[in-house]
Amino acid sequence: MVIRRLLLIGFLSVAFGSLATPGHTAAEGSAAAFIRDLGARAVSVLQSSGNSLEAREAQFRDILISDFDIPLISKIVLGRNWKTATPEQRSEYQRVFGEYILRTYSSRLGGYAGETLQVVSERPAGKRHVVVGTLIERPAGPPIKAEWRVRTGGGRFRIVDVVVEGISMVITQRSEFAAVIQRNGLDGLIHVLCVRIDKEPTVASAS
């Protein structure tokens, strides 16, 4: 799928940079510096032949947990359905959503093909968000524009959305999930995510 491929390029170009110093703090500089630092170290890690694909996948999971605000992303993706969900549904949904995101992106590291990232802009987006504009340079093809919405909180930076060539990870996922919920309800979405990650629900969610 083209959308997932573009989003994956964005993730791969940045996220590996946090391996050396996970949890980059807001006190250490700007959001642009945070993204730039991640991108710079990403290249050396992704090009390393010393780590197996399995090891890099495990490292990538740790990066997503550390530097992407997955609990907040899960709420935004669910949209208005979050307000009407029961506590049991919310808990189970966030559990399976987190695992779905981790598996979806950590299992596709073979998609990296030498992309590098250049920070080109930074602008505030509300009181706690900053949007960092970047260009993803590719060996074969024109550069790809990517914007990273970075949230500050608790003295640290965390990524809450990635927009690649105008395509938002959050909006794309929200649209996909909304279609499933419209057909089968929130419990149906939870079931679909469980099937995709090959796990059974741990809690029987209420309708």
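In this predicted model, helix α4 has Ile-70, Ile-73, Ser-74, Val-77 and Leu-78 as its buried residues. Viewed down the axis of α4, these buried residues fall within an arc of 130°, so they line one face of the helix.

**End of α4**
- Gly-79 follows α4 and has a positive phi, near 65°.

**Nonpolar core**
- The largest nonpolar core has 43 residues, of which Ile-35, Tyr-93, Trp-148, Val-150 and Leu-189 touch the most other members.
- Elements that each supply at least two residues of this core include α2 (31-46), α4 (70-78), α6 (87-106) and β3 (144-153).
- The element that gives the most to this core is α7, with 10 residues.

**Aromatic pairs**
- Four aromatic pairs are found in the whole structure.
- Phe-34 and Phe-157 form a stacked pair, at 5.4 Å centre to centre and with 25° between the planes.
- This pair joins helix α2, which holds Phe-34, to strand β4, which holds Phe-157, across 123 residues of chain; both Phe-34 and Phe-157 are buried.
- The ring centres of Tyr-93 and Phe-97 are 5.7 Å apart and the planes are at 40°, so this pair is tilted.
- Tyr-93 and Phe-97 are four residues apart in helix α6, about one turn of the helix, and both are buried.
- Tyr-93, Phe-97, Tyr-100 and Phe-177 are linked into a cluster by ring pairs.

**Asp-187**
- Asp-187 lies in helix α7 and counts as partly exposed because its relative accessibility is 23%.
- The C-alpha atoms of Asp-187 and Gln-89 are separated by 7.4 Å, although the two residues are 98 residues apart along the chain.

Methods: Residues numbered from 1 in each chain as written. Predicted model: local features only at pLDDT ≥ 70, side-chain atom pairs only at ≥ 80, totals over all residues. Heavy atoms only, no water. Core = buried A, V, L, I, M, F, W, Y, C linked by side-chain atoms within 4.5 Å. Buried < 20%, exposed > 50% of the residue type's maximum accessible area, 1.4 Å probe, protein only. Arc of directions from axis to C-beta. Phe/Tyr/Trp six-rings, centres within 6.5 Å; stacked < 30°, edge-to-face > 60°.
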